[in-house]
Amino acid sequence: MRDDVLPERQIPGNCKAGGPERMAEELDLPGQDSEEGGEEVVLTPAELIERLEQAWLNEKFAPELLESKSEIVECVMEQLDHMEENLRRAKKGDLKVSIHRMEMERIRYVLSSYLRCRLMKIEKFFPHVLEKEKTRPEGEPPSLSPEEFAFAREYMANTETYLRNVALKHMPPNLQKVALLQAVPKPDLDSYVFLRVKERQENILVEPESDEQRDYVIDLEEGSQHLIRYKTIAPLVASGAVQLI
Amino acid sequence: MFCEKAMELVRELHRAPEGQLPAFNEDGLRQVLEEMKALYEQNQSDVNEVKSGGRNDLIPTIKFRHCSLLRNRRCSVAYLYDRLLRIRALRWEYGSVLPNALRFHMSAEEVRCLKDYGEFEVDDGISVLLKKNSQHFLPRWKCEQLIRQGVLEHVWS
């Protein structure tokens, strides 16, 4: 179904126009020209949606906030716009129109679920998220989009203002500062997650849970599924070598 | 004993099941703050006694009062923060229009904090959901939230 709605045609990484051309042919509408602005990554719309779903699942099951995938979000929004435009021009009552609309709804749901999941994590761990962003080393990608960063900052400011005005400013002077970084609980990186291996990994070091055990190494075979502590495989999630399920 | 009122605040929230927000106990919070003020002033005068009068026997008492102060602060901040978390959970469930019964239970600052937070969330999270706000035939599950808020009306025609 997915490949029927979204054409196979390769489009440049900045996701300009090329999208629903085949759909346009089916609906007897003039196609759209795709502008070649080309960056290195070339993605079909079907692949783009798959990437979105992968990012969504990873975000849902990871205990901490993952890297921000704003390029995927932007491209998906553009695709949805194009699809909407084409559908508006199509003749009404066509069965294909309702099916395409259903697909659009599904994509829209995944997208907003993804954003909602991220927002919830930002709210839950706001001091740690901001601290991580502040101390982020040069080459590392940000875990917050610019809007999310502004949101996190305002959220922190609001909470601090609230606590200060309601209680802290009425307290003795030496007790008026509350360190939110220590007070708010951190994400539990030791929680267990299910994953499926996409790229074979060798020699993953697993730390012992208790003092009686010792570290041991494991190999992850492609296609295998595991239940493992998040902390052990966190970098693999970031690199895309494993998929959380 | 010290910190009784503060513990009561915490217990009040502990007793309330998740998703419920009891009325803001302004009186209770005020009592905790007053106790903290009294403890602090007593400590201040004792510290002066130690410094000038060399009354080192007062030091354990000072330490004890300081612990009570810290406990009072921790309990009251926990009370306020937990209320914020509850309000936030309710906000996610009900959207930007909270039922009036809830509003009565919230202090003025909580409402202000919520409003600032609301302005933000609308820009970021809901913009994707409400893209086609002029369309009149929407699948039901999508309208439900908005109908609850009173933004949309179900038209039976």
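Chain B has seven helices and zero strands. Helices (H or I, at least four residues) and strands (E, at least two) are DSSP runs, numbered from the N terminus. Along the sequence, chain B reads α-α-α-α-α-α-α. The model is predicted: local features need pLDDT of at least 70, side-chain atom pairs count only at pLDDT 80 or more, and totals for chains, interfaces and linings use all residues. Residues are numbered from 1 along each chain as its sequence is written, chains are lettered from A and ligands numbered from 1 in the order in which they are written, and side-chain values use heavy atoms, with hydrogens and water left out.

Chain B holds 157 residues, of which 40% count as buried. Buried means under 20% relative accessible area, exposed over 50%, and partly exposed in between (1.4 Å probe, protein chains only). Contacts in chain B were also sorted by sequence separation. A contact means heavy atoms within 4.5 Å. Among contacts in chain B between residues at least 6 apart in sequence, 63% join residues at least 24 apart.

Most residues other than glycine have a negative phi. Cys3(B) is not a glycine, yet its phi is positive, at about 65°. Cys3(B) sits in the segment before H1 of chain B. Cys3(B) is buried, with a relative accessible area of 5%.

The interface comes next. Chain B brings 31 residues to the contact, and chain A brings 35 residues. The area buried between chain B and chain A is about 3300 Å². This buried area is the accessible area (1.4 Å probe) that two parts lose on being put together, summed over both. Carbon and sulfur atoms give 72% of that area. Between the two chains there is one salt bridge. A salt bridge is a side-chain nitrogen of Lys or Arg within 4 Å of a carboxyl oxygen of Asp or Glu. Glu123(A) and Arg88(B) form a salt bridge, with their closest N and O atoms 3.0 Å apart. Four residue pairs are in polar contact across the interface of chain B and chain A (both at pLDDT 80 or more). A polar contact is a pair of N or O atoms within 3.5 Å; within protein, one must be able to donate a hydrogen and the other to accept it, and residues adjacent in sequence count only if both atoms are side-chain atoms.

Five elements of chain B each supply at least two residues of the side that touches chain A: helix H2 (26–53), helix H3 (59–94), helix H5 (108–124), helix H6 (126–129) and helix H7 (140–149). H3(B) gives the most to this side, with 11 residues. The residues of this side divide into 18 nonpolar, three polar and 10 charged. Here Ala, Val, Leu, Ile, Met, Phe, Trp, Tyr, Cys and Pro count as nonpolar, Asp, Glu, Lys and Arg as charged, and the others, Gly among them, as polar.

Aromatic pairs were then searched. The whole structure has four aromatic pairs over all chains. Rings of Phe, Tyr and Trp (its six-membered ring) pair if their centres lie within 6.5 Å; planes under 30 degrees apart count as stacked, over 60 as edge-to-face and the rest as tilted. Phe126(A) and Tyr155(A) make an edge-to-face pair, 5.0 Å centre to centre, with 75° between the planes. Phe126(A) lies in helix H6 (residues 126–134) of chain A and Tyr155(A) in helix H7 (residues 146–166) of chain A, so the pair links distant parts of the chain, 29 residues apart. Phe126(A) counts as buried because its relative accessibility is 0%. Tyr155(A) is buried too, at 13%. Glu59(A) and Lys121(A) meet in one of them (3.0 Å, N to O). Glu59(A) lies in helix H3 (residues 45–61) of chain A and Lys121(A) in helix H5 (residues 95–124) of chain A, so the pair ties together parts that are 62 residues apart in sequence. Glu59(A) and Lys121(A) are both buried. Glu105(A) forms a salt bridge with Arg108(A), the closest N and O atoms being 3.7 Å apart. Both residues are buried. Shared partners join Glu84(A), Arg88(A), Arg101(A), Glu105(A) and Arg108(A) into one network of salt bridges.
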